[in-house]
Amino acid sequence: MTIRLRVNGTDHTVAVDPDTPLLFVLADEFGLRGPRFGCGVAQCGSCTVMLRGQPVRSCVLPVRHADGADVVTLEGLGSPEAPHPLQQAFIDEGASQCGFCLSGVILTAKAVLDEKPDASDAEIRGALGGVLCRCFTHARMLRAIRRYADGLKRTR
Amino acid sequence: MTTRRDFLKAGGALVVSFGAQALLPRAVTAAPAGAFGTQPSHIDASALDAWLAVGADGQVTAYTGKCDFGQGIFTAQVQLVAEELDVAIARVTMIECDTAVTPDQGTTSGSQSTPVNFNTENLALAAATAREALLEMASKRLGVPVGRLAIADGTISGPGGARVTYGELVGGRRFELPLRTTAKRKPPSAWTTLGKPVTSLDRVALVTGRFEYVQHVRVPGMLHGRVVRPPEMGATLARVAAASVRGVPGFVDLVVRESFVGVVARTQYAAMVAAERLEVHWKPGPALPPRDAFFDFLRRQPSRDQAAVDSGDVAAALGRGGDRVIRARYTYPYQMHGSVGPSCAVADVRADGVTVWSPTQSVYPTRSCVARLLGVPVETVRVVFKRGSGCYGLNGADAVSFDAAILSQAVRAPVRVQYTRQDEMKWENYGAACAIEQRAVLGPDGAIAAWDREAWVAALGSRPGYDRPGNVITGMLLGHEPEPLAIGPAEPPKGKLNNNSNAVPPYVAGCIAGACGGEGTIRSERVVTHTVRSPLFTGPLRSPLRIQNTFANESFMDELCARAGADPVAFRLRHLRDDRIIGVLRAAARAAGWQAGPRRGRPPAGEGVARGRGVACVGYEGHNGYGALIADVDVDVATGVVHPRRYIIAHDCGPISNPDGLRNQIEGGLLQGTSRALVEEVTWDERRVTSVDWSSYESLRLDYDVPAIETVFVTPAGVPATGAGETSITLVPAAIGNAVFDATGARLRDVPFTPARVLAALRDAG
């Protein structure tokens, strides 16, 4: 089946088995590195991408459900030369160790703050309940998200 | 995207700078053992050119056998080279862990691999040697004595404007010098690049999704493989119904060797479907010992016994103590590395050579085992490290590298193997389960008169090393045995005190034939470990055996403090004589505003939250890093939920390479330790491991309300660097448990501290 996807602003068509998880298409057909295979059962968040503006777990989403959709991955959020302010906050707070979980952390945090820019720390944490970081960089990540959220407040 | 050509290009530049001769294969069996207890590499680690190359443009390329898994040593090593060579960080290119081009430095692991420590004798020495050599060259070239030359960012200048750059002196040519053991490293007081909080050099790529993990390695013509594991430990292959996968679109091949089963397909999805559909029949393995009586089971098994220290008079001292002997048993479960990304590797087995892109901590040992499994000469195998998800020790990285090699050899094409979550969780080498029994007696002066510690440790397999592929699942399925356990009684301790696993409590004198290597004062001492065959694979997991032993030692010390009616800090200090552990304990107490006095641990009246404060300290591996942790903990008396609110840690690892990187490691260690103290435990039923995903193996998630962390660095003058990656995690279970006692009088002796266990301990205390 031919699938049409707009990924990080670029249009693609790809012929794959429509049951293929979106993650495999992004990683293997388009060479994207942001979303990564973590559990295959939507328990950890490593494969998170934004689909039609919402964070989804691409490891369990058959690509046919994404046909014609707009997908944004961690690399679509910002570039090394011009990181998104949330990515910049992670750089400023030194919020990474192995970094494997970052798609889930950053995109989920962005989604909650897109919806509610004045979210409290408890609300932000609540949204991250399905996200796992096994290096336990929790404290720095939450500081980074707070830094970004405070920046949003100032610019409003 | 990484191609084989890119890798060869990266290696190729080096081949030019080293000359082709360096890469000629050599009969490995005939050559002497390498400098790190390893099989020899074609790279001569005693030669400066093995470590550093200066380009005509002044760029410095450094080669290291120690790799970065997220712990930050890539950055710290770049700092190290920049510092010792007097160049800017941007001038340094670091090539890590590639058997074609980097020296054999064995395994990058734990606190053996902290940035300054492991390089004291090699990369640092190379950089210091190079700096001296460059100064001598400049002195000749400029006609100025070395003493009057100065260096700034790779340019050497003398009086009157005379100057020459590194590139002009040696650019594009070899040094042709041996490492000089006399080369002077800079003292920490002179550091300008080391010792500074440099942001991790991978960070921008990580947060913008550009970083290339091993999961992203793509080779032209690459196929996708999956393994199909037995349902349980010890199960062997009966038969495979090959027809069950023939119709899967994209399916390429089924690979069966002994009990190893794998499928290869054109896409990841096809490989996944084929692995799921493949009909495999297994002969069952033995039943597993019941989990609820597991520690009693361990005690009944034949064991290999080791005595770290035995003064010979402990039984008599305890006998005199009669009913005043204080006893406690502590247990620690199997726990997982539980990498967030299951292991992955890519192998390309060709007639003219083998390349494996691997997340292993041990490129040279992996190369040796791959050669053995494939039946090819070791010189024809190249293992290139590519970072995977954080590993925290021996996760599935080595096994998956073997899997990829086996599949690639079978299908004669490059194969990428991606483990599923289950593949990883059911078959990784878990952190060892142990039971630790403690006995002690107080003397008439109230001090501890005798300390007797006996542990039962479950062990099976471990790192494969150079010749033990059976130490991990793939090797075992291919018919290789794990390292056998030599059952037998303990030899009397001899030589220098070995406290590599923190078994010896810091409070004992650690005397062997009159030489006392311990950190404490108790002379009547016995420390025995019984290692028994584990029903499940085990291996190094961050702070291997150290977190278990320190939990038991520091919890028991707290029980002794309570029995003595003494202040936990003062009572510890009373039995310590090592300045550095004393230093961190005092520093932590000061920073926390520790209120002296005995902890009675009265049960709280009524429901609600009880608050307590606990302390634990350690000399990691005896003298490889020091830490003291004070934990403020809430205990919900009604629910049994334990919640640490604040950690104050004093940490001494000698001179610090990168304070920001170190803080990151300390913080991560404290929270990982919290997760392991509170929720992590491998479970099983009659036959099989039942911890197979993140709902059946718990981990504290990002929604956890993390405790505040305050870190105090203690850095005595003139001391060498020690380990730093595992000190903080080692302290956590004991500090939490001791705080729970302070809050409630309930003593937690079994990790993890689940609400059910806490409620039971509260009932016992009440």
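Which residue stands opposite Val441(B) in strand 19 of chain B?

Guide: Val441(B) has Ala450(B) as the residue opposite to it, and Ala450(B) belongs to strand 19 of chain B. The model is predicted: local features need pLDDT of at least 70 and side-chain atom pairs pLDDT 80 or more, while totals for chains, interfaces and linings use all residues. Residues are numbered from 1 along each chain as its sequence is written, with chains lettered from A and ligands numbered from 1 in the order in which they are written.

The strand that lies alongside strand 19 here is strand 18 of chain B. Strand 18 covers residues 434–442 and strand 19 covers residues 448–459 (strands are DSSP runs of E with at least two residues, helices are runs of H or I with at least four, and both are numbered from the N terminus). The two run antiparallel and are joined by nine bridges; strands count as paired if DSSP finds at least two bridges between them.

Both strands belong to an open sheet of five strands in chain B, whose order is 12-22-19-18-13 and whose pairing is mixed. Strand 12 (303–310) and strand 13 (326–332) of chain B are its edges, each pairing on one side only. From one strand to the next the twist averages 15 degrees (angles run from 0 to 180 degrees between N-to-C directions of axes fitted to C-alpha atoms, for helices over the stretch in contact).

Helix 14 of chain B, residues 546–564, lies across strand 13, strand 18 and strand 19 of chain B. Its angle is given against strand 13 of chain B, to which helix 14 runs at about 150 degrees.

Chain B also holds an open sheet of three strands, again with mixed pairing, in the order 1-2-3. Here the edges are strand 1 (52–54) and strand 3 (92–96) of chain B, each with pairing on one side only. Neighbouring strands in this sheet are turned by 20 degrees against each other on average, with direction ignored. Strand 2 of chain B, residues 60–64, runs parallel to strand 3 of chain B, and five bridges join them. Helix 2 of chain B, residues 73–85, lies across strand 2 and strand 3 of chain B and runs at about 135 degrees to strand 3 of chain B.

A further antiparallel pair in chain B consists of strand 9 (residues 251–257) and strand 10 (residues 260–265), linked over six bridges. Within this pair, Val256(B) stands opposite Val261(B) of strand 10 of chain B. Strand 9 and strand 10 of chain B form a hairpin with two residues between them, and Glu258(B) in that turn has a positive phi of about 50 degrees.

Asp153(B), not a glycine, has a positive phi of about 45 degrees. The loop that holds Asp153(B) runs between strand 4 (150–152) and strand 5 (155–157) of chain B. Asp153(B) is partly exposed, with 14 other C-beta atoms within 10 Å (20 or more count as buried, 12 or fewer as exposed, and values in between as partly exposed). In chain A, Arg52(A) has a positive phi of about 50 degrees and is not a glycine either. Arg52(A) sits in the loop between strand 3 and strand 4 of chain A, and is exposed, with 11 other C-beta atoms within 10 Å.

The bond from Val751(B) to Pro752(B) is cis, with omega near 0 degrees. Pro752(B) lies in the loop between helix 18 (727–744) and helix 19 (755–765) of chain B.

Finally, the two chains meet in a contact that takes 53 residues from chain A and 52 residues from chain B. On the side of chain A that touches chain B, at least two residues each come from helix 1 (22–29), helix 2 (74–77), helix 3 (85–92), helix 4 (102–115), helix 5 (121–127) and helix 6 (138–155) of chain A.

Notes. Two residues are in contact if their C-beta atoms, placed from the backbone, lie within 7 Å.
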